[in-house]
Structures are given as structure tokens and as C-alpha cells.
Amino acid sequence: MFNLLPREDKFLKMLQDMEMAANRSSRLMKKLVEHRHDEAVVREASDEIYKYKREAKKTLETLTQEICRTLITPFDREDLQEFAVALYNIPKLITKITDRLLTHNMHPYNGDFNKFVDLIDRQAEAMAAVIRELSGKLNSRTVNAKAAILHELEDQGDMVLGQLIASSFHDIEDVRELILRKDIYEMLEDVTDQYRDAANVAMRIILKHT
């Protein structure tokens with residue numbers, strides 16, 4: 001059965017839930033990296049990361065189902081779906097990064113992982129503000145300003161990736177560790193890409209609805 005007149009906050013609440021999962025995952029990854037030598041902290045943080053990934057996946061599935069059965073949505077259905085997928089990809093990637101770190105017993109080297117998680121933590125803060133605006137009065141100035149921050153941080157992520165790969169080839173002689181670190185760097189950079197992609201959808205929504 002189709003819902004002809006849905007409650008708009010149903011979709012907005014799901015986007016809020018997915019943003020929260022992305023935000024918490026980002027913050028937990030920062031905690032995990034900064035306390036990598038504390039087994040209790042790492043275990044607790046990783047368990048929470050896996051939990052938020054499962055919750056985000058369930059919310060994405062629900063949102064997709066609701067889009068398919070709802071005739072009227074607060075924003076274009078393709079925008080809702082694209083936004084949700086970008087947000088889901090953040091805890092999904094962070095879970096993969098956590099797996100790599102724990103499986104291969106990887107620790108920060110010369111602050112390499114920290115450089116990325118600091119950028120991602122700042123992106124998480126900016127995205128939380130974007131979601132608040134989309135769930136409220138659609139303040140285009142605020143959304144565009146936060147989107148600009150997300151883009152700038154993604155650009156910085158590109159630069160950090162290049163710098164870390166270059167320094168790794170210069171400083172790390174173990175081929176296995178070099179490959180593993182490069183893989184993690186690229187996944188961390190991909191997290192910054194997903195925040196940028198979500199920001200792009202937010203700006204598109206603003207253009208259509210203000």
C-alpha cells in the first residue's frame with residue numbers, strides 16, 4: 001500500500017539517525033586511533049563502531065523501502081536516497097578501517113592516521129550542522145557555509161593522502177606494512193569524499209527548495 005500523505009519528519013528523522021551514526025563512528029575512530037595502545041578503549045570503541053554500522057544499514061534499508069512506497073516525500077526521492085547512501089558509507093568505511101587496524105595490529109606512525117581522523121572529526125561536526133538546517137528552516141546561507149567547509153576539508157584530505165603515501169615510500173621499508181598503510185590511507189580519504197558527496201546533495205536540496 002502507498003502512503004499518499006506521509007509525515008515529512010519520517011524521512012528527516014531517518015537522515016538524522018544516519019548522520020548520528022556517521023558522526024559517532026567518526027568520533028569513535030578518532031578515539032580508537034588516539035588510544036590505540038589501550039586495549040580496553042580500543043575494544044569498547046570498535047564494538048560501538050560495528051554497532052553504528054549495523055544501525056545505519058538498517059536505517060538505510062528502511063528509508064529505501066519507505067521511498068518506494070511513499071508518493072509524496074519532503075525532498076526529491078533520488079536526493080533522499082543519495083544522501084542516505086553517502087551517510088551510510090561513512091560508518092561502513094570506518095568499520096573496514098577498524099578491521100584493518102585490529103586485524104593487522106596497525107598503530108599510528110609519525111601521526112599519520114591522526115592527520116586524517118582530525119579532518120574527519122571536523123567534517124562530522126559540519127555535517128551535523130547541515131542536517132540540523134535541513135530538518136529546520138532550510139537556511140541556505142548556513143548550509144552553503146558548512147558545505148564549503150566540508151569541501152575544503154576533503155581537499156585537505158587529498159593533500160594529506162599524497163603526502164602520507166610519499167613519506168611512506170621514503171620511510172617504510174617493509175613492503176607488507178607499506179601496502180597496508182596505503183590501503184588505510186585511501187579508505188580514510190574515501191571517508192572525506194563521502195562527507196563531501198553528502199554536502200553536494202545538501203546543496204542541491206537547498207537549490208531546489210529555497
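Which residue's side chain does a polar contact join to the side chain of D183? Keep that in mind while you load the view. This is a predicted model.

**Stop 1: D183**

Select D183, in helix α6. R100 is the partner: the two side chains are joined by a polar contact of 2.8 Å. D183 has 25% relative accessibility, so the residue counts as partly exposed; buried would need under 20%. Q194 lies eleven residues from D183 in sequence, and the two C-alpha atoms are 17 Å apart.

**Stop 2: the whole of α6**

Select 175-209, which is α6. This helix has 35 residues. From first C-alpha to last, α6 reaches 51 Å, close to the 51 Å expected at 1.5 Å a residue. Now go to the N-terminal end of α6 and show D174. D174 caps that end. One of its side-chain oxygens sits 3.0 Å from the backbone nitrogen of R176.

**Stop 3: V191**

Stay on α6 and pick V191, which lies in this helix. Is V191 buried or exposed? Its relative accessibility is 0%, so V191 counts as buried. Show what surrounds the side chain. Beyond its neighbours up to four places away in sequence, V191 touches I90, L93, I94, I97, I120 and Q123. Draw a distance from V191 to Q123.

**Stop 4: the nonpolar core**

In soluble globular proteins, nonpolar side chains tend to be buried together. Here, the largest nonpolar core has 65 residues. Select F83, L87, M127, L188 and Y195, the residues with the most contacts inside this core. Then colour by helix. The elements that give two or more residues to the core are α1 (9-34), α2 (39-69), α3 (77-103), α4 (112-134), α5 (140-171) and α6 (175-209). Which element gives the most? α6 does, with 13 residues.

Zoom in on M127. Leaving out residues up to four places away in sequence, M127 touches E19, F83, L87, L150, Y195, A198 and A199.

**Stop 5: the aromatic pair**

Select F113 and Y185. The count of aromatic pairs comes to one. The ring centres of F113 and Y185 are 6.1 Å apart and the planes stand at 65 degrees, so the pair is edge-to-face; that label needs an angle over 60 degrees. F113 belongs to helix α4 and Y185 to helix α6, so the pair ties together parts that are 72 residues apart in sequence. Both F113 and Y185 are buried.

**Stop 6: D112**

Step back one residue to D112, also in helix α4. D112 has 1% relative accessibility and therefore counts as buried. Display its contacts.

**Stop 7: α5**

Select 140-171 for α5. Its 32 residues should span 46 Å at 1.5 Å a residue, and the end C-alpha atoms are 46 Å apart, which agrees. Now show the buried side chains of α5, among them V143, L150, E154, G157, L164 and S168. What do these buried residues pack against? They pack against α4 and α6.

**Last stop: K51 and Y52**

Select K51 and Y52. K51 lies over the face of Y52, at 4.6 Å from the ring centre.

Note on methods: Residues are numbered from 1 along each chain as its sequence is written. This is a predicted model: local features need pLDDT of at least 70, side-chain atom pairs count only at pLDDT 80 or more; totals for chains, interfaces and linings use all residues. Side-chain values use heavy atoms; hydrogens and water are left out. A nonpolar core is a set of buried Ala, Val, Leu, Ile, Met, Phe, Trp, Tyr and Cys residues joined through side-chain atoms within 4.5 Å. Buried means under 20% relative accessible area, exposed over 50%, partly exposed in between (1.4 Å probe, protein chains only). Helices (H or I, at least four residues) and strands (E, at least two) are DSSP runs, numbered from the N terminus. Contact means heavy atoms within 4.5 Å. Rings of Phe, Tyr and Trp (its six-membered ring) pair if their centres lie within 6.5 Å; planes under 30 degrees apart count as stacked, over 60 as edge-to-face and the rest as tilted. A charge sits over a ring if NZ of Lys or CZ of Arg is within 6 Å of the ring centre and within 35 degrees of the ring normal. The expected span of a helix is 1.5 Å times one less than its number of residues. A polar contact is a pair of N or O atoms within 3.5 Å; within protein, one must be able to donate a hydrogen and the other to accept it, and residues adjacent in sequence count only if both atoms are side-chain atoms.
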